Amino acid sequence: MPDELFNDASWLIAAIMRGLMTFPDETPGVHEVLSRIAEQDLSEKMFSVPQAQRLPGCRHLPEAVAAGLVVSSDLCSAIATIEDRLHWTRMDHYADEVMGQPGFEDNGAYAEIVGPTGFFAGDDFGLGLVLLGPGMHCIDHHHAAPELYWLLSGPIEYRRPPGSLEQVGTSNILWNKPNEVHAMKTGERPMLAVWSWTRDVDQLPVLVSS
Ligand SMILES: [Fe+2]
């Protein structure tokens, strides 16, 4: 049913936009992400059906989506409706050996909404969902792409060197400027976040060894 799926994908993107619009204009990253979404061609002629794929990390989705209903029932209802039609991808750049954590790969997954494996290809722009199970540490890294996270479930700990890990509660926005080093760590609950790379999406993340 491509028509129905197109409508659900459009609902998902509109719910993300509505959610981001509730933040004050000066919130770092919000204006840039909304502008870049507006520049994308999200019409039906550009729509494609992702090759649906689930991963072991997706077992954390029900808990994370349920927790996120408090942050945005609109968005989390849209996610619950469509999550089994998404192409969930392993965080290949964050293999267990590199992260120094057995099980990291089986506890994380991301799904593009706009991007090569999403509903719309996007023009040097990525928008999607990131899921990370409890007790995981995504170590210091940086990338050329400016990056936004909108936390739907958590809390998590987050650091930008030289600072140390600090707790960040759900519904907060995190914004990483190009090549700014950052790290995050989940606690007892899985993290589900809206994620965006606003440009330079072809440049891979670089991990910073300690
Ligand atoms: Fe990042």
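Predicted model: local features only at pLDDT ≥ 70, side-chain atom pairs only at ≥ 80, totals over all residues.
Trainee: How does the radius of gyration of the chain agree with that of a compact globule?

Mentor: A compact globule of 210 residues would have a radius of gyration near 17 Å, so this is the value to hold against the chain. The C-alpha trace spans about 50 × 35 × 30 Å along its principal axes. The radius of gyration of the chain agrees with the globule value, being 16 Å.

Trainee: Which strands are the edge strands of the six-stranded sheet?

Mentor: This open sheet has antiparallel pairing, and its strands follow the order 1-2-3-10-5-8. An edge strand pairs on one side only, and this holds for strand 1 (88-89) and strand 8 (173-176).

Trainee: What angle does the direction of helix 3 make with that of strand 5?

Mentor: Helix 3, residues 61-68, packs on the sheet and touches strand 3 (126-132), strand 5 (147-153) and strand 10 (191-197). When the direction of helix 3 is set against that of strand 5, the angle is about 90 degrees.

Trainee: Why do the buried residues of helix 3 line one face of the helix?

Mentor: The buried residues of helix 3 are Leu61, Ala64, Val65 and Gly68. An α-helix has 3.6 residues a turn, so residues three or four places apart point the same way. What covers the buried residues of helix 3 includes strand 3, strand 5 and strand 10, together with helix 4 (73-82). Seen down the axis of helix 3, the buried residues line one face because they fall within an arc of 95 degrees.

Trainee: How many degrees around the axis do the buried residues of helix 4 cover?

Mentor: In helix 4, the buried residues are Leu75, Cys76, Ala78 and Ile79. They lie on the same side of helix 4, because the arc they cover around the axis is only 155 degrees.

Trainee: In the sheet of five strands, which residue is the bridge partner of histidine 141?

Mentor: This open sheet has the order 7-6-9-4-11, again with antiparallel pairing, and its edge strands are strand 7 (166-168) and strand 11 (206-207). Strand 4, residues 137-142, is joined to strand 11 by two bridges. In strand 11, the partner of histidine 141 is leucine 207.

Trainee: Which residue of strand 9 is the bridge partner of cysteine 138?

Mentor: Strand 9 is joined to strand 4 by three bridges, and to strand 6, residues 156-159, by four bridges. Tyrosine 158 has methionine 184 as its bridge partner in strand 9. For cysteine 138, the bridge partner in strand 9 is likewise methionine 184.

Trainee: Which residues make up the covered face of strand 9?

Mentor: In a regular strand the side chains alternate between the two faces of the sheet. In strand 9, residues 182-186, the uncovered face holds Ala183 and Lys185. The covered face of strand 9 is made up of His182, Met184 and Thr186.

Notes:
Residues numbered from 1 in each chain as written. Pairing = 2+ DSSP bridges. Contact = placed C-beta atoms within 7 Å. Axes fitted to C-alpha atoms, helices over the stretch in contact; angles between N-to-C directions. Buried ≥ 20, exposed ≤ 12 C-beta atoms within 10 Å, placed from the backbone. Arc of directions from axis to C-beta. Rg over C-alpha atoms; globule rule 2.2 N^0.38 Å.
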